[in-house]
Amino acid sequence: MHCKEWIFDMDGTLTDSMVTVWENAPLALLERYGKTPEPGLHDILLPMGMRESAEYLIRRYGLPLDETNFADALRDTVADLYETVELKPGVREMLEFLKAEGARCCICSNTWSEQCRTVLTRLGIADYFEFYIEAQGAKSKHHPEVFFEALHRLGGSDPAECVVCEDAVYSARTAHAAGFRLVGIADWCSRADETEMRQLCDRFLTDWTQTGWKEL
C-alpha cells in the first residue's frame, strides 16, 4: 500500500445510511408539518449540502421554520433514524488494515460532525479517525478546498498520494478533478451513477470486502 492519507465519506461509503436516514429523514420531517413530498425528492436533495437542502425544503414546501429551527428539527429526526444504521461489509477489517499500515484517516461528510462521531462510536470505529470535517456551505464537496483541508490536516501535501473514498458522483468528480486518488463504493442510492463512477475512480468496489483498495 502506497497512500498514507485517507479521506472517508460516511453515509453510503462506510455506513448503510443513505436509504435508512437520508431518503427517509426529509420525508419524515415534511410529514410532521402535513406536507406531501414531491416524487424524486431524494434525487433533488442528493447533491446538496445541509444548508442548501434546508433552504430548498423551507422554500419549496412553505415550512414555518428558519434555518436554525429547521436544523434542530432535522437533527432530532436524523438522530432517531441513525440508531438503526450499520456498517457496510468489510469496513472494520479495512480500517484495521489501514491502521496497521500506518495510514492516517479522517471523515469528511455532509452530516454534522457530532452526529458522525455518535454513529461511529456506537459502531465501534470512531477511534480510527483523527478528525471530522463538515462538508457544508463554503466547504461543500462541490469545491476541492474541503478535500485539500483534510489532506493538509492529515499531514500530506500531494493529492496524488491521498485517497478519497466516496459513493456520490458529484463528490467523486470534485476529488478526481483535483488530482486525488479515488475509491468508489457502490450504494443503492447512487446506482444510476455507477457507470460514471467506474470511469472516475481508481478503484470501484461493491463493498469493502473487495481488496483492490490495498493496491493504492
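**Rings, cysteines and strands in a predicted model**

Trp-22 and Tyr-82 are both buried in this structure, which is a predicted model.

Reader: Is the pair formed by the rings of Trp-22 and Tyr-82 stacked or edge-to-face?
Author: A pair of aromatic rings is described by the distance between the centres and the angle between the planes. The centres of the rings of Trp-22 and Tyr-82 are 6.3 Å apart. Their planes meet at 75°, and planes over 60 degrees apart count as edge-to-face. The pair is therefore edge-to-face.

Reader: How many residues apart in sequence are the parts that this pair of Trp-22 and Tyr-82 ties together?
Author: Trp-22 belongs to helix H1, residues 17–32, and Tyr-82 belongs to helix H4, residues 67–82. The pair therefore ties together parts whose separation in sequence, in residues, is 60.

Reader: How many aromatic pairs does a search of the whole structure find?
Author: Trp-6, Phe-8, Phe-97, Phe-129, Trp-208 and Trp-213 form one aromatic cluster. Over the whole structure, the number of aromatic pairs found is ten.

Reader: Which residue lies over the face of Phe-97?
Author: Phe-97 is a member of the aromatic cluster that also includes Trp-6 and Phe-8. At 4.5 Å from the centre of the Phe-97 ring, over its face, lies Lys-214.

Reader: What is the distance from the charged end of Arg-60 to the centre of the ring of Tyr-61?
Author: The charged end of Arg-60 sits over the ring of Tyr-61. Its distance from the ring centre is 5.1 Å.

Reader: How many disulfides does a search of the whole structure find?
Author: A disulfide is a covalent bond between the sulfur atoms of two cysteines. The sulfur of Cys-108 is 6.5 Å from the closest cysteine sulfur, in Cys-106, which is too far for a bond. Cys-105 is in no disulfide either, as the nearest cysteine sulfur, in Cys-106, is 7.9 Å away. For the whole structure, the number of disulfides is zero.

Reader: Does Cys-108, at 1% relative accessibility, count as buried or exposed?
Author: A residue counts as buried under 20% relative accessible area. Cys-105, at 3%, therefore counts as buried. Cys-108 has 1% relative accessibility, so Cys-108 also counts as buried.

Reader: Which residues of strand E1 point the other way from Glu-5 and Ile-7?
Author: In a regular strand the side chains alternate between the two faces of the sheet. In E1, residues 5–8, Glu-5 and Ile-7 point one way, and all four residues are buried. Those pointing the other way are Trp-6 and Phe-8.

Reader: Which residue in E4 does Ile-7 stand opposite?
Author: E1 runs parallel to strand E2, residues 104–109, and four bridges join them; here Phe-8 stands opposite Ile-107. E1 is also joined to E4 by four bridges, again in parallel. In E4, the residue opposite Ile-7 is Val-164.

Reader: Through which helix does the chain cross from E5 to E6?
Author: E4 and E5 run parallel and are joined by four bridges, and together with helix H8 they make a right-handed β-α-β unit. E5 also pairs with E6 in the parallel sense, over three bridges, with Ile-185 opposite Leu-205. The crossover from E5 to E6 is right-handed too, and its helix, residues 194–200, is H9.

Reader: Which residues does Gly-212 touch, not counting residues up to four places away in sequence?
Author: Gly-212 is found in the segment after strand E6. Its relative accessible area is 17%, so Gly-212 is buried. Leaving aside residues up to four places away in sequence, Gly-212 touches Arg-203 and Leu-205.

Definitions and conventions
Residues numbered from 1 in each chain as written. Predicted model: local features only at pLDDT ≥ 70, side-chain atom pairs only at ≥ 80, totals over all residues. Heavy atoms only, no water. Helix = DSSP H or I, 4+ residues; strand = E, 2+ residues; numbered from the N terminus. Buried < 20%, exposed > 50% of the residue type's maximum accessible area, 1.4 Å probe, protein only. Contact = heavy atoms within 4.5 Å. Phe/Tyr/Trp six-rings, centres within 6.5 Å; stacked < 30°, edge-to-face > 60°. Lys NZ or Arg CZ within 6 Å of the ring centre and 35° of its normal. Disulfide = S-S within 2.5 Å. Pairing = 2+ DSSP bridges. Right-handed = clockwise from strand over helix to strand, strands pointing away.
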